[in-house]
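Please consider the predicted model shown below. The paragraphs that follow lead from the whole chain to two individual residues.

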Amino acid sequence: MKQVAKPASTEVADAPERLRYGLRLAVLTGASKGLSRSIGRAGLVIGTDDNCDLVLQDRRVSRRHLRATPHPGGVRLQDLDSRNGVFLRGVRVTDAVAPPGTVVVVGTTELIVEPDEDLPSIPLTNADRIGGLIGRSPRMRQLFTLIERAAPTDYTVLVEGETGTGKEVVARTIHELSSRRVGPFVVFDCSATAEALLESDLFGHVRGAFTGAVAPREGAIRRAHGGTLFIDELNSLSLPMQGKLLRALETRRILPVGADQEIEVDVRFVAAANAPLHDEVKAKRFRQDLFFRISVVRIELPPLRDRREDIALLVGQFLQCTDVGGEISGPNLDRLSAYKWPGNVRELRNVMERALALAGPGAKFSDLPILLSDTRPALAWALDLDRPLNEVREQVVATAERQYAKHMLERTEGNVSEAARRAGVSRRHFTELVRKYGLRDNGEDEG
């Protein structure tokens with residue numbers, strides 16, 4: 001990897017926030033790909049000499065090339081008079097501080113500064129809620145600690161979890177606990193925007209940029225200036241759009257559609273995906289460099305079925321502003337706890353709202369009509385066996401497709417991307433089925 005030697009710099013990244021977790025250097029490319037070493041208190045020496053702490057197999061790397069030591073804002077990198085230098089963001093540096101998510105280039109090898117996953121487990125907080133998140137289970141209390149630590153920093157956050165687990169709630173909580181809480185919180189749903197409009201909706205456009213652009217428009221990134229941008233369903237972005245988003249993350253500059261000059265933006269990025277991005281990278285559907293850049297801090301939300309001890313607490317929250325009395329226990333709680341909750345917390349809320357709508361005034365929790373839809377649709381229908389075989393076959397296929405698509409929409413609370421993922425087809429193909437059979441995105445018939 002040939003690097004253009006720009007003027008040397010002694011500081012390329014300001015990181016005023018003091019980190020409260022350990023870091024490591026991991027090798028992304030080259031013959032030593034996959035190696036990683038914790039920075040630790042003493043730091044590391046990186047080079048080709050066998051006595052180095054991180055030994056690289058790279059002819060363009062010096063025997064003792066680079067020293068990395070802990071710093072309150074990340075990792076301090078010091079060039080040890082190497083022959084080919086140390087580069088960050090294309091700039092040759094001699095002494096620089098690199099925050100988490102920074103890619104360091106030495107010779108033909110790329111390394112990334114990332115949180116050290118080999119550290120002891122994050123301690124559990126004593127709180128049972130933070131922002132809009134609620135839970136007493138160990139996994140949720142550990143998650144609360146992680147959010148408390150990550151929120152005051154300005155680092156990018158990746159939130160992963162099934163549909164309905166509360167990814168947007170996590171993003172909003174991070175925003176409200178940060179110094180950016182006085183700024184805007186903007187949500188951009190990649191799956192809800194047509195592919196042709198994605199770039200304009202995200203980066204904005206100037207007047208006359210394309211047919212119909214009669215006025216300039218600020219995209220989601222500019223609207224979030226001074227605040228937080230939550231990008232939902234990041235895995236829905238096409239590879240070309242992923243590249244443009246990566247540049248915005250690295251430079252904090254955007255180029256609106258049709259514009260000649262880039263615009264500086266001050267935005268904290270939080271992204272969410274309903275499929276593991278690590279698997280998407282392996283399948284070459286998601287850029288590895290964007291994955292590392294966006295996942296400086298990773299938060300994985302557990303499905304509700306893995307934290308059933310939180311159900312009573314969540315139900316109590318949903319009933320807080322109602323006149324429903326009685327203890328949250330007994331057969332109704334047993335039924336809720338035994339259910340698999342494919343729609344997670346969102347489905348639990350919907351079940352409780354339906355029960356409240358059907359209950360009479362002054363009802364107790366034990367009297368609520370809890371209706372669970374843990375049943376699959378029957379695959380039976382009337383066939384006209386007097387018609388030609390081809391027509392009967394078409395009838396069977398059409399009926400099965402329609403029933404299957406409607407069922408998937410209902411199970412995913414109208415989330416087309418998640419329904420397509422569960423069905424094992426592309427989002428475009430599933431959208432065509434929805435249109436073909438006149439189904440709304442919420443799973444209801446249009447007519």
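What does the accessible surface of the protein come to, and what percentage of it belongs to carbon and sulfur atoms? The surface amounts to about 22500 Å², and carbon and sulfur atoms account for 48% of that area.

From the surface one may turn to the interior and the fold. The protein has 447 residues, of which 46% count as buried. Its secondary structure comprises 13 helices and 20 strands. Contacts can also be viewed by their separation along the chain: of those between residues at least 6 apart in sequence, 62% join residues at least 24 apart.

The phi angle of K284 is near 65 degrees, a positive value in a residue other than glycine. Is K284 buried or exposed? The relative accessibility of K284 is 68%; because exposed means over 50%, K284 counts as exposed.

The other residue is W341, placed in the loop that runs between α9 (331-338) and α10 (344-358). Here too phi is positive in a residue other than glycine, with a value near 55 degrees for W341. Is W341 buried or exposed? Its relative accessibility is 0%, and the cut-off for burial is under 20%, so W341 counts as buried. Taken together, K284 counts as exposed, whereas W341 counts as buried, and a positive phi is found at K284 and at W341.

Definitions and conventions. Residues are numbered from 1 along each chain as its sequence is written. This is a predicted model: local features need pLDDT of at least 70, side-chain atom pairs count only at pLDDT 80 or more; totals for chains, interfaces and linings use all residues. Side-chain values use heavy atoms; hydrogens and water are left out. Helices (H or I, at least four residues) and strands (E, at least two) are DSSP runs, numbered from the N terminus. Buried means under 20% relative accessible area, exposed over 50%, partly exposed in between (1.4 Å probe, protein chains only). Contact means heavy atoms within 4.5 Å. Accessible areas come from the Shrake-Rupley method with a 1.4 Å probe; for residues, only the protein chains shown count as cover.
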